[in-house]
Amino acid sequence: SVYELEMHDIADVEIRSSTERLLADAYKGLGRNEEAEKLYRSAIDRWGGTAEIVDNSQVSAIWSLANLLSHTQRKTEAATLFRSTRPFVERLGLKHFDTLQLYRNLAICLNYDEKEQALEAEELLRRCYEGRLETLGATDKATNVAAISLSEFYRKTKQFSKLVEFARAYLQSLPPEYVESLRHKKYGAEAYYVIVVRTDLAKALRKLAEGSDWHSDEVDAWEEVVRETLQLKRDIHGQDHQDTIASRKELASVLMRRAEQLVLESQYPQAFEVLSEISELTPDRRQAESLAALQVYLDEENSARRFSQQLWERAQVEESGSSPASRWVVDALLSPHHGLDLTEITEFLVSIPADTNGHMPRLALGLTYYRAGSFEQAIATIDTEKQGPIWIRPISSFVHAMACAKSGDSESARKSFDEAVTRMDKVAPTPTTGVELKSWEPPHWVLWCLYHGLKREASAVLAIEPPKPLAQSASEK
């Protein structure tokens with residue numbers, strides 16, 4: 001080949017080795033790893049292998065092969081190669097750039113599941129970071145690369161306390177003006193490193209907060225870091241970037257857990273206040289349903305229109321079928337203060353393909369008819385005998401009772417009302433007890449709030465008893 005002819009004419013070992021390494025780099029770039037590995041090994045052999053390192057070019061060839069092996073998951077072989085160059089490279093100085101780079105390269109090839117190798121990796125990564133921090137400064141790219149490597153190590157080895165300690169020290173080492181400048185560097189590499197460490201810090205704090213009281217310092221620290229990270233991502237990437245969305249979900253998770261704790265302490269208005277922020281974070285099904293239930297329970301009027309509109313918009317983009325879409329509609333119309341266009345919703349519900357299990361679509365359509373004042377249609381739509389999952393039945397019965405009362409059938413109204421009360425007391429007699437529920441069904445406290453809110457509304461419609469406030473509303477605080 002042309003390559004062989006050229007190499008035949010090259011007598012100098014260093015030139016031959018360098019040429020082979022350059023060709024190997026090209027093959028590696030093309031994804032031809034086997035040919036690249038062969039050339040790297042040939043380049044190393046021209047220097048006499050790895051037994052005795054005598055030249056920087058020899059080190060470069062060994063590192064090139066080691067990096068290739070590491071990237072193809074042959075990490076044990078890669079570690080052996082990196083380790084062979086350590087005595088030679090460390091002569092440059094323990095804080096020389098190449099020495100610190102070797103420490104990082106070797107560390108990421110070690111097996112973190114083996115105790116001795118994990119200890120060695122931690123020591124190497126810490127040396128790399130601290131050496132670069134001292135010689136290059138906190139804002140240098142190489143220092144930041146070393147920082148995320150050590151942060152990732154602590155995360156992978158589940159050393160969350162050490163991760164928190166390191167991440168906080170790293171973030172505090174960054175000048176405030178530098179961090180502020182990152183907000184104006186769209187998708188900049190510098191911002192990426194800070195975001196990665198902040199995200200790891202949030203994950204570690206979350207792990208440390210598990211099992212803690214939700215009023216504890218651990219949870220406060222977790223929430224603070226999540227908020228700071230979210231704001232930084234918003235400033236750099238925008239509201240709808242995937243990284244920003246991930247932090248929005250993380251904050252929603254924090255708020256949801258706080259709200260659940262407040263509910264268990266019977267602090268419903270405070271729980272509603274916490275959950276209200278979730279409505280701006282694109283909540284998932286459970287979070288949205290929880291907020292809707294508290295809104296009904298507290299008879300919140302001020303926020304009902306805005307949140308019901310959000311739920312209705314979610315229903316229109318739901319792609320999982322008519323039952324999930326209908327469930328969003330039910331959540332949107334639970335509050336009598338929804339303010340939605342019911343004709344539009346009716347047309348939507350009628351147009352979507354029906355599921356074979358149509359309990360939720362029937363409830364959604366029946367509730368829509370009731371809110372629209374079409375009481376006879378509501379009665380005909382809601383089937384009180386075959387109402388699907390047990391947690392849906394009290395809702396259907398309360399809506400059926402109100403529709404019957406509005407249409408003048410007081411006897412049927414009272415019958416459905418009594419059935420609803422009996423069923424709700426079985427499903428969720430308290431916020432923490434009741435029948436066994438599946439993972440996709442609302443938790444007991446959500447159902448308890450929802451049932452009692454609907455019971456109050458139905459009681460007023462049927463004139464069974466004067467409607468009593470169940471708790472002070474958030475707007476009255």
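Because the model is predicted, local features are reported where pLDDT is at least 70 and side-chain atom pairs where pLDDT is 80 or more, whereas totals for chains, interfaces and linings use all residues. Residues are numbered from 1 along each chain as its sequence is written, and side-chain values rest on heavy atoms, with hydrogens and water left out.

Helix α9, spanning residues 141-156, contains 16 residues and extends 22 Å from its first C-alpha to its last, close to the 22 Å expected at 1.5 Å a residue; the expected span is 1.5 Å times one less than the number of residues. Twelve of these 16 residues are buried, so α9 is largely enclosed by the rest of the structure, where buried denotes a relative accessible area under 20%, exposed over 50% and partly exposed in between, with a 1.4 Å probe and protein chains only. Among the buried residues of α9 are Val145, Ile148, Leu150, Phe153 and Tyr154, and also the polar residues Asn144 and Ser149. At the start of α9, a side-chain oxygen of Asp140 comes to within 2.9 Å of the backbone nitrogen of Ala142. Just after α9, Lys158 adopts a positive phi of about 60°.

Two further residues were examined for their phi values. Most residues other than glycine have a negative phi.

Packing between helices is illustrated by α18 (residues 322-333) and α20 (residues 359-372), whose axes lie 8 Å apart at an angle of about 30°. This angle makes α18 roughly parallel to α20, a term applied to angles under 35 degrees. α18 passes α20 in a left-handed crossing, in which the near helix is turned anticlockwise from the far one by less than a right angle.

The structure holds zero disulfides, a disulfide being a pair of cysteine sulfur atoms within 2.5 Å. For Cys109, the nearest cysteine sulfur, that of Cys128, is 13 Å away. Cys109 counts as buried at 5% relative accessibility, and Cys404 counts as buried at 2%.

Conventions: Helix = DSSP H or I, 4+ residues; strand = E, 2+ residues; numbered from the N terminus. Polar contact = N/O pair within 3.5 Å; in protein donor to acceptor, adjacent residues only side chain to side chain. Axes fitted to C-alpha atoms, helices over the stretch in contact; angles between N-to-C directions. Parallel < 35°, antiparallel > 145°, perpendicular 65-115°, else oblique.
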